[in-house]
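Subject: Structure for your files

Hello,

Here is the structure I said I would pass on. My notes are below it.

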Amino acid sequence: MIRQAIPSDVPALVRNRLAQQQELYSIDNLDRDDRQRLEEQLFGYFAWACTNDNVLFLVDQEDSAIAAVCGFSIEHQPPQIEDNGEYAYVCDAYTAPRFRCQGRMGRLVRAGTAQMRKRGVSALYFDSISKDMIRLCQNLGFKQRHDYYSLVL
Ligand SMILES: CC(C)(COP(=O)(O)OP(=O)(O)OC[C@H]1O[C@@H](n2cnc3c(N)ncnc32)[C@H](O)[C@@H]1OP(=O)(O)O)[C@@H](O)C(=O)NCCC(=O)NCCS
């Protein structure tokens, strides 16, 4: 069942994010202090995100387990000729290993896309080091459009 995340999901969202980061960056075990720092930041972030209108986290719940999560973070940029400047960054996508290849992330991204469209968002975008996520999104119609320049602070 796909639904919007609520504040009582925060501990599960934190566990999901830690598992995602460890898998993406091939880290077996985070250093204890690093893990504690990240956990604290994540608790704060998800508590904020679950009550903020500019952020939508969708979860796919299977019995009592959270099988998959995908977030949509809305940005309000100045409108331009091409669109209204409302974009959503797709973030924190993760399907727990035992629930993969069942179409869960595809359904979450589609459900989020429909909700973003209703909110007037004109484009979704993401950046990922995950080839699986890139392929999945390309299959859903995402096209590579821009190369971004960034300055790490
Ligand atoms: C990338 C990731 C989110 C995909 O999640 P998922 O729930 O397995 O995704 P889906 O099942 O919707 O689609 C995955 C594949 O399964 C296929 N599939 C969908 N339903 C299927 C089914 N019923 N039976 C078999 N295969 C199926 C899809 O066509 C897709 O195929 P493709 O890889 O050839 O494109 C997941 O592998 C993951 O969490 N990876 C680690 C973290 C990560 O990369 N996160 C993204 C960070 S941006």
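The model is predicted, with local features requiring pLDDT of at least 70 and side-chain atom pairs counted only at pLDDT 80 or more, while totals for chains, interfaces and linings use all residues. Numbering starts from 1 along each chain as its sequence is written.

Ligand shell. The ligand is surrounded by 21 residues (C-beta atom, placed from the backbone, within 6 Å). The closest are Thr95, Gly103, Met105, Gly106 and Ser130. At least two shell residues come from each of helix H1 (10-24), strand S4 (86-95), helix H3 (104-118) and helix H4 (131-139); H4 gives the most, five residues. Helices (H or I, at least four residues) and strands (E, at least two) are DSSP runs, numbered from the N terminus.

Strands. S4 pairs with strand S3 (residues 65-76) in the antiparallel sense, over eight bridges (a pair needs at least two DSSP bridges). Thr95 in S4 is the bridge partner of Ala68. S4 and strand S5 (residues 123-125) run parallel and are joined by three bridges, with Ala123 in S5 as the bridge partner of Tyr87. From S4 the chain crosses through H3 to S5, a right-handed β-α-β crossover (clockwise from the first strand over the helix to the second, with the strands pointing away from the viewer).

Helix pair. H1 and helix H2 (residues 32-49) pack at about 130°, axes 9 Å apart (axes are lines fitted to C-alpha atoms over the stretch in contact; angles run from 0 to 180 degrees between N-to-C directions).

Regards
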